[in-house]
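User: Hi! Could you walk me through the aromatic contacts in this one?
Analyst: Happy to, let's take a look together.

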Amino acid sequence: PPLMVELLAQCAEAEGVRLTRCDGEADAEVACECAAAEATRPGLCFVVAEDSDFFLFRGIRYVRFSDLLLLCGGGGGGGGGQGLRLCERQAGPLLLLGRVWTRQLLCEASGLSAGRLVDWAGLVGNDHTSAFQLASFGSVVAESLGADGLASARPSAEAARAWLAEREGEDAPGWLEARAEPLLARALRFSRALYELDHATLGLFPPDHSHSRAVPLELMPRKGADLSSIGAAALSELADGGLGRVVARADGRQPEPCELLPQHREALKRILRGERSAVTGSALPPKLCWEDVAVAQRYQALCKLLLRAGPLPAQSPVQLFDGPSFHAFAQSHVPPPHPPPSLTP
């Protein structure tokens, strides 16, 4: 749901968790925070994520989220699968277990030096190099690692590791960038600076475009529009057909029309008045109507835009929307079907 991240962030902050909001990808900021804490309090700070880039950052400890195991009272772990694995609740302390990775540990496991690890990531493909064909690395790399003569094929992680291990000590630092095409060489230099947390070099790579989370908006005081709050403005935009004539995007992006039926209007009004149905906090109604789902998504997306742009006083996501209540209210306001015409003359 569009408001899920905002609600999660608010709940975390309410529990005293400090959040840092980033315009672009947060990898470097997260790694810097962890490295700084590791330098002053060794062994007490970890990056918990599901992003292989964190294997390579200098000076941090990384735990894969999917490797975590929560033990309750010393009991055995629950089923596997993606994400945190849990056991059944028992008396006793909670224990959170996970394998801790460092760049040094990865060097020992792979047989590669720290510099070669960055080459390894570049060859296999990270966020910045995966879009390039293997031929972009130069003829030596393409001929050594190309599969069946296909210049676009990437080597497996093991094939690239073994080839780099054979060349350990033969090449000067930056040899991979020196052989690569200019755009790829730039991506490799950026990757090396990123993993080394080399801020001076990273400063030479300004963003290609703004990553601002906020889309500039203009509120249009059309007749009948209520612009007193975020929820009211979002509802007024939908009531006007969702055509951007009440909440207008300054980036010129044209929204798709959205049909707000009377039951949707009444359901959202009740939500904004603070009403909640008896099913709140439990399951959704057994059957959902597609029109209800579409309106709920569009309304939440508008609220999200308004929250981030800041033209109106901030509201809690909990005040703006509640899924089970919206669907229950919408279904309760569906007008009864018209009776069939009488056949009696």
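**Aromatic rings and their neighbours**

User: Let's start with Trp163: buried or exposed?
Analyst: Trp163 is buried, with a relative accessible area of 11% (buried means under 20%, using a 1.4 Å probe and protein chains only). This is a predicted model, where local features need pLDDT of at least 70, side-chain atom pairs count only at pLDDT 80 or more, and totals for chains, interfaces and linings use all residues. Residues are numbered from 1 along each chain as its sequence is written, and side-chain values use heavy atoms, leaving out hydrogens and water.

User: And how many aromatic pairs are there?
Analyst: The count is 9 aromatic pairs, where rings of Phe, Tyr and Trp (its six-membered ring) pair if their centres lie within 6.5 Å. In one of them, Phe54 and Phe57 have ring centres 5.5 Å apart and planes at 35 degrees, so this pair is tilted (under 30 degrees is stacked, over 60 edge-to-face, the rest tilted). Both of these Phe residues, Phe54 and Phe57, are buried.

User: What about Trp163 and Trp175?
Analyst: They form a tilted pair too, 6.0 Å centre to centre with 55 degrees between the planes. Trp175 is buried at 8% relative accessible area.

User: Which residues make up the aromatic cluster?
Analyst: Phe54, Phe55, Phe57, Tyr62, Trp101 and Tyr195 form one cluster.

User: Switching topic, which charged end sits over the ring of Trp175?
Analyst: That of Arg167, 5.0 Å from the ring centre (the rule asks for NZ of Lys or CZ of Arg within 6 Å of the centre and within 35 degrees of the ring normal). Likewise, the charged end of Arg270 sits over the ring of Phe329, 3.8 Å from its centre.

How values were computed:
Buried < 20%, exposed > 50% of the residue type's maximum accessible area, 1.4 Å probe, protein only.
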